[in-house]
Amino acid sequence: MVRVLIGKVLKPRGLRGELKVQILTNKQETFLGIKSIYIDKKEVKVISSSLYGGFAYLFLDGIKTFENADELRDRKIWINKEDFKLEEDEVLVSDIIGFDVIEEDGTYLGQLEAVENYGAGDILIAGEHSILNDDDFVKETNIKDRRIIVYTHALTAEEVQ
């Protein structure tokens with residue numbers, strides 16, 4: 001079963017075992033109405049969830065005290081991939097790593113190695129090329145052919161200088 005990383009336990013909140021969770025997805029609403037999560041490959045039932053101030057807050061089955069919750073500090077939270085709701089035009093980063101990155105004129109730039117985000121948007125990393133994942137630079141992501149077509153003017157920072 002394929003799982004998707006969605007959060008990281010930061011610390012307990014209060015004395016009744018509630019967890020404060022750092023959200024590691026751009027789809028915060030994933031936490032709302034969630035029925036179960038995985039921590040350390042163990043499925044845990046979610047009793048309730050809420051969002052506030054850019055964080056998720058979870059009450060989990062079997063976690064009823066501050067001490068129970070504190071034992072989960074720094075643990076990663078996963079869900080089954082099929083439970084992760086995507087819009088029609090969305091893909092998971094893990095699904096496109098390894099795609100060929102090609103300029104619209106046919107120039108091969110390399111395989112997609114990583115997608116980084118430093119706050120201003122996703123950056124596609126292909127070999128020595130860094131390309132902003134934006135409609136001004138990325139023309140098409142072709143899932144069937146496993147390639148990403150970028151506009152020829154989509155230059156790396158070194159080429160711009």
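**Reading a predicted model, one feature at a time**

Q: What is the relative accessible area of Arg146, and how should I read that value?
A: The relative accessible area of Arg146 is 43%, so this residue counts as partly exposed. The class lies between buried, under 20%, and exposed, over 50%. Please keep in mind that we are looking at a predicted model.

Q: Where does Arg146 lie?
A: You will find Arg146 in the loop between S11 and S12. The backbone deserves a look too: Arg146 is not a glycine, yet it has a positive phi of about 55 degrees.

Q: In which sense do strand S7 and strand S12 pair?
A: Strand S7 (residues 100-103) and strand S12 (residues 147-150) pair in the parallel sense, over four bridges. To find your place in the structure, look for Val101, which stands opposite Ile148 in S12.

Q: Now for charges. How many salt bridges does the count give?
A: The count comes to eight salt bridges. To decide on a pair, check that a side-chain nitrogen of Lys or Arg is within 4 Å of a carboxyl oxygen of Asp or Glu. One of the pairs is Arg73 with Asp70, where the closest N and O atoms are 2.7 Å apart. Arg73 counts as partly exposed because its relative accessibility is 38%, and Asp70 is also in the partly exposed class, at 30%.

Q: Where do Lys81 and Asp95 lie in the chain?
A: The side chains of Lys81 and Asp95 meet in a salt bridge, at 2.7 Å from N to O. This pair links distant parts of the chain: Lys81 is in the loop between S6 and helix H2 (93-96), Asp95 is in helix H2, and they are 14 residues apart. Lys81 is partly exposed, with a relative accessible area of 30%; Asp95 is partly exposed as well, with 31%.

Q: What is the distance between the closest N and O atoms of Asp145 and Arg147?
A: In the salt bridge of Asp145 and Arg147, those atoms are 3.8 Å apart. Asp145 is partly exposed at 41% relative accessible area, and Arg147 is partly exposed at 31% relative accessibility.

Q: Finally, aromatic rings. How many aromatic pairs does a search of the whole structure find?
A: In general, a pair of aromatic rings is described by how far apart the centres are and by the angle of the planes. Here the search of the whole structure finds zero aromatic pairs.

Note on methods. Residues numbered from 1 in each chain as written. Predicted model: local features only at pLDDT ≥ 70, side-chain atom pairs only at ≥ 80, totals over all residues. Heavy atoms only, no water. Phe/Tyr/Trp six-rings, centres within 6.5 Å; stacked < 30°, edge-to-face > 60°. Pairing = 2+ DSSP bridges. Helix = DSSP H or I, 4+ residues; strand = E, 2+ residues; numbered from the N terminus. Buried < 20%, exposed > 50% of the residue type's maximum accessible area, 1.4 Å probe, protein only.
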